[in-house]
Amino acid sequence: MKYSINRVAVIGSGTMGGALAAHCANAGLPVMLLDIVPDALTPEEEKKGLTLQSPQVRNRIVNAGLDAQKKIRPAAFFTPQVAERITVGNLQDHFDLLRDADWILEAIVENLDIKRQLMARLEKIRKPTAIVTTNTSGIPIRDIAAQCSADFKRHFLGTHFFNPPRYLKMLEVIPGESTLPAVVEALREFGENVLGKGVVICKDTPNFIGNRLMSFAGSYGMKYTLENGYAFNEVDDLTGELIGHPKSASYRLGDLVGIDVMYFVRENTYNAIANDEMREVYKSPEILREMVKRGWLGNKSGQGFYKQVKTPEGKREFHVLDPKTMEYKPAEKVFYDSVLQAETIENLGERLKYLVAQEDRAGKFIWNTLAANLAYTSLRVPEIADEIVSVDHAIKWGFLHQMGPFETWDTLGVAETVARMEAQGLKVAAWVKEMLATGHPTFYKDGKYYDLKSKDYKPIPARKGVTVLREQKVIKQNESASLLDLGDGVACLEFHTKFNALDEGIVEIARAALDEIDRNFVGLVVGNQGEHFSAGANVMTIGLAAENKEWDKINTATKALQDFLMAMRFSPKPVVTAPHGYTLGGGCEVAMAGAKIVAHAESYVGLVEVGMGLIPAGGGCKEMLRRIVSPAMQTPNADMLPFMQRVFETVGTAKVATSAAEAIQFGFFAPSDRIVMNLDQQITHAKNEVLTLVAAGYRAPTRGKNIYAAGERALAALRIAIYSLMQGKYISEYDAQVGQKLAWVMAGGDLTAPTWVDEQFILDLEREAFVSLCGEAKTRERIWHFLNTGKPLRN
């Protein structure tokens, strides 16, 4: 039987259910969101004379859930308009609508009896091909469907999303004993291709993979913290980016997730794992119980491990909880020579190897907690998963760790660390020692992983639609960029500087890339698999050149960037750009220079140069005029002012789109550009787009006078707006000065009347304004402030 998911129903509009409905809507699906009917009126409803039969009362809970998703930050929806794809209802009046759903997702209260009652109702109305899943994290999947028919069980399984589902890649799929393989495969493909998730198939064990292992890590880490007198902020300094984990580290993460959630997950796990040899570690310490009792639940209650306070000077700062006194005090920064040295080691594996060898408090904490976690992970395989690859994926995708536990173990050296662990009394799984004894020194080797069943290395299964750039043939490269062969006549220009910031090395390889595709390839993809597409130009280089008054150098470098992007735009072979993550400043200009954009849904896009006292100079102003103003002015007697104001506001206020969909609304991307949900598949989609353009007989755009320069009338209007903002103290005097330069470029310089000009005309104005602003002391002050703090300065 073929399973196709086109209509989704979510039951339960709470934090998780509402967020899942939002993400399905983000993926372009129509969604039915249902929840229970209230059993009592609110005081406000009573004042209005409403009854329990009033439609707005009956849908109050579900409407509140949807409204919460519309307001939550970071945003659950790609754009506000996406919420219109969701239809709300209640489980009494609208239950029959579930007959049309292809996938029914239950996300209600964690109560076995209530879930079973719901499944009994669903069994009576679901269509034969409908898949039903539960988002439970604490109740066995088999128990929820235990009283259902055989056919229902064949179409029932668990889908455990991580919160917030828009932003976290992980989806654990948990088949039941009777779930059809075709149903599992359909849901896996849907999760990957439509929802953009990394899917891990799990066993029906307590807390599955991710939460089982990370609950242990958190429990053991807190135990070690309290027993050895570490401060919570001290631990967070050791367990964040230093070791390849997110900035939220350990206790900041606890505040984010919720202290009550931490507590109940541990309690539920403890009760469910009677045979786990490390069960006692899960017992919540008294401090956690006390924090829940006092309502110190983290960010949602205003205090947890940390509390934001105002100093006598009116500044905001975070104080940290002292577990001995249960009082908050200023967080004291602890410095370790070992950590300072480790921070100079760029390679994560080498950094970890160095840290675990140190004998100071930092080294001891990192080694002892990491060793315990690795040993425990080995004991849980094959209980929670048959393949170590699934375990590593779960930790990386669900918790944003750069390496999974078995990958980490490999970097530290398996044999030597096993010996060290056992010398300390830690128990390591027998299969790990057998692996070493039979001549298998690592968990991974040459693209293969150690398989417990065959007791040998097996190829890591290829993920459909995924292109891994580091595995592609290198044509040319330098420290900043590489030109790669993707096969089928398509090349890829890959950046690999820090934050993929644009520099001379990238421009050098880019020139070679365009020459190479002109001779030997049918087209080019500009993309990478770093954290971000590009955060813009190398600000340090600009700042140093400006400080040294090297105006010719700045002009030459800016012209080189412009020429590279114009060569991309007018290349006779199609160039497809693949933005994702930060696509800012020059990165945005690179993205807009292609024949087509294939953007990841989570692209954060903007021309942000004004924040440093500059304006876009790689073609950003020109592209916004070409994309927004010029098409509008093709209509006779059109009023250019609204379109000019829109462009000026977007660039002049450094607006950043918080999704690819919003980037289309802002005009950075075109409605015809593609958005892909799965980042791992982006390069493959971009390559296919190149081949599609080639097959369609691609022709480069014609050079000509295609930019509408509005002239002095528009310039005057923009200057009035700038003056009004300054007078109202919405912007500083220097903001106004930068705005005047931007307005001059947008209006076409000194033109007295509206004129159609070519693209180079606007580029020359951009470059002239950019260089002149580099000469301003306040611009240089903003640049150095940004480099030192990472934040813009308003001077």
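Modeller: Please keep in mind that this is a predicted model. Strands of a sheet pair through backbone hydrogen bonds, either parallel or antiparallel. Here 7 strands, in the order S15-S16-S17-S18-S19-S21-S24, form an open sheet whose pairing is mixed.

Biologist: Which strands stand at the edges of the sheet?

Modeller: The edges are taken by strand S15 (473-477) and strand S24 (674-676); each has a single partner strand, so one side of each is left without a neighbour in the sheet. From one strand to the next, the twist averages 25 degrees.

Biologist: In what sense do S21 and S24 pair, and over how many bridges?

Modeller: Strand S21 (residues 596-600) pairs with S24 in the parallel sense, over 3 bridges, and His 600 has Val 676 of S24 as its bridge partner.

Biologist: Which strands does helix H21 lie across?

Modeller: Helix H21 (residues 504-520) lies across S15, S16 (481-487), S17 (490-495), S18 (523-526) and S19 (575-577), and runs at about 30 degrees to S16.

Biologist: Turning to the helix pair, at what angle do the axes of H17 and H18 cross?

Modeller: The axes of H17 (residues 388-399) and H18 (residues 405-412) come within 7 Å and cross at roughly 100 degrees, which means that H17 is roughly perpendicular to H18. H17 contributes Ile 388, Val 391, Asp 392, Ile 395 and Lys 396 to the contact, while H18 contributes Pro 405, Phe 406 and Glu 407. Sorted by class, the contact of H17 with H18 has 5 nonpolar, no polar and 3 charged residues.

Note on methods. Residues numbered from 1 in each chain as written. Predicted model: local features only at pLDDT ≥ 70, side-chain atom pairs only at ≥ 80, totals over all residues. Heavy atoms only, no water. Axes fitted to C-alpha atoms, helices over the stretch in contact; angles between N-to-C directions. Helix = DSSP H or I, 4+ residues; strand = E, 2+ residues; numbered from the N terminus. Parallel < 35°, antiparallel > 145°, perpendicular 65-115°, else oblique. Contact = heavy atoms within 4.5 Å. Nonpolar A, V, L, I, M, F, W, Y, C, P; charged D, E, K, R; others polar. Pairing = 2+ DSSP bridges.
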